[in-house]
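I opened this model to look up a few local features. My notes follow, entry by entry.

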Amino acid sequence: MSARRTPAAVVVLAAGEGTRMKSRTSKILHELCGRSMLGHVLAAARALEPQRLVVVVGHRREQVVEHLAERFPEAETVVQERRGGTGHAVRTALEQIGELRGTVVVTNGDHPLLRGETLAALVRTHEDEGNAVTVLSTEMPDATGYGRMIRAADGSVAAIVEHKDATEAQRAVHEINVGMYAFDGALLAGALKRITTDNAKGEEYITDAVAILRGDGHRAGAHLAADWVETQGVNDKVQLAQARRQLNDRILEAHMRAGVTIVDPATTWIDVDVTAEPDAVVHPGTQLHGSTHLEEGAEVGPGCTLTDTRVGAGATVVNAVCVGAEIGPEVSVGPYAYLRKGTRLARKAKVGTYVEMKNAQVGEGSKVPHLTYVGDAEIGAGSNIGASSVFVNYDGVAKHRSVIGDHVKVGSDNMIVAPVTVGDGAYTAAGSVIVQDVPPGAMAVARGRQRNIEGWVERRRAGTPAAEAARRGRDADGGAGAGGDAGGPADADG
């Protein structure tokens, strides 16, 4: 096995306008599977561990520079002030950063399917064969419109012939130039200075450097990429969608081969930085984004969208949206739950239907079964929050925090008005508005006493169906009425 090669530099060409994208966003910043197009290329370049990583920017450069500063701070930027062609872009880069000794890889910022392994193989071929330049090529099923790789008898590159200039025999060749190269850095700088603009567009083409080096008697080689799909660039949003599907399929296959069950790959989308352990299960209609991680035996879906969320071993998440949440082992979430940033659920906790949580911690075995908002709160172990309760955390100016102790029973339709603490083992009655601390073991009743006004409907709503029903009901029970106040454990929703 060959030793790892470390290129002197990888130069990424990313200055194009991308007019066919029809977008105010730079073409290379359009995202697929959790990264920008440029980000995917730079991730492949990073795999080579180059001494320098250089990005040539131009159109909408402010967007690109900001993106690089946030995601790839090690990347150096070079500005191509005018569109002068690929050769001009590389020459501009070398003029700014200086001539390079060793292998210089030139690639494009709009090839998001490119693998680091492919670039590494290009470098190995280049150095093993002692080439002055090595062209990345591939065999296309339909090579129409692409420059053909014409090989010499010894396998070296004799010429790169554009489709429009090719003979019938040359057009029958399916090996095409991908537009990526490995150069001998010392020879590259001199060749770039000799490139002319004697062509229809008046631009400097990097392909001319290949011809110049070969004309000087240096060997020009080619490395054939086995998968032509990964060499395809993206020029419009149709191709972007196609690349997104191809990349997603690649990601899903890798997870499945590592032991993850993906029930329906056609409706499952997973970002490149998502991780999962064997025997995790992903059900249909699920999207996993960012740094989401599924532990062994976790089941997610159907219909889930998880971003930067960790799901513990044996936990289940159904029809839920989770952002920045930590879901512990054997936890049950959903259906139709929304876990926002800062939510942490301990082992065997339950968050049920139509529950929203934000910056909330739920202790082991505690339950928030349904129709509840829990914001800026801490719930201890073994507690139960009744249906239709709200943790009132905002006073119009600042957020405040509530604390619910262990083995607390909060009744249905409670308002927990922060800051407040409900002590261990305490109960609160249904319909209560809790504005003061509740001591451990106490029953808190915070509601008005019920008052029944007998005969009101028949007097005030005479002639209505309700009045007629009231009359029948009164006659049936002999005119008896009931009223009073009640509060106790039965008020707590289970």
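**Backbone entries**

I started with E49, which sits in the loop between α1 and β4. Helices (H or I, at least four residues) and strands (E, at least two) are DSSP runs, numbered from the N terminus. This is a predicted model, so I kept its limits in mind: local features need pLDDT of at least 70, side-chain atom pairs count only at pLDDT 80 or more, and totals for chains, interfaces and linings use all residues. Residues are numbered from 1 along each chain as its sequence is written, and side-chain values use heavy atoms, with hydrogens and water left out.

E49 has a phi near 50 degrees, a positive value in a residue other than glycine. Its relative accessible area is 47%, so I logged E49 as partly exposed. My classes are buried (under 20% relative accessible area), exposed (over 50%) and partly exposed in between, with a 1.4 Å probe and protein chains only.

E330 is not a glycine either, and its phi is positive at about 60 degrees. I found E330 in the loop between β23 (326–327) and β24 (332–333). It counts as partly exposed because its relative accessibility is 38%. Most residues other than glycine have a negative phi, and most peptide bonds are trans.

I then looked up cis bonds. The bond from G301 to P302 is cis, with omega near 5 degrees. P302 is in the loop between β18 (299–300) and β19 (305–307). The bond from A418 to P419 is also cis, with omega near 0 degrees. P419 is in the loop between β33 (415–417) and β34 (420–422).

**Annotated positions**

Which residues does the UniProt annotation "binding site" cover? The unreviewed entry gives D110 and N235. They are spread over 126 residues of sequence, yet cluster in space, with a largest C-alpha distance of 7.7 Å. UniProt positions are given in the numbering used here, feature names are shortened, and annotations may be inferred rather than shown by experiment.

D110 is in the loop between β6 and α4. Is D110 buried or exposed? It counts as buried, because its relative accessibility is 14%. Leaving out residues up to four places away in sequence, D110 touches K27, I28, M37, V41, Q232, G233, V234 and N235. Contact means heavy atoms within 4.5 Å.

N235 is in the loop between β11 and α8 (237–257). N235 is partly exposed, at 23% relative accessibility. With the sequence neighbours up to four places away left out, N235 touches R20, M21, K27 and D110.

I checked α3 (residues 86–97) next. Its 12 residues reach 17 Å from first C-alpha to last, close to the 16 Å expected at 1.5 Å a residue. The expected span is 1.5 Å times one less than the number of residues. Buried residues of α3 include H88, V90 and L94. The buried residues of α3 pack against β1 (9–14), β4 (53–57), β5 (76–79), β6 (103–108) and α6 (185–193).

Helix α4 (residues 116–129) has 14 residues, and its end C-alpha atoms are 20 Å apart, in agreement with the 20 Å they should span. Among its buried residues are L119, L122 and H126. The cover over the buried residues of α4 includes α1 (37–46), β7 (133–139) and β10 (175–184). G130 follows α4, and its phi is positive, near 65 degrees.
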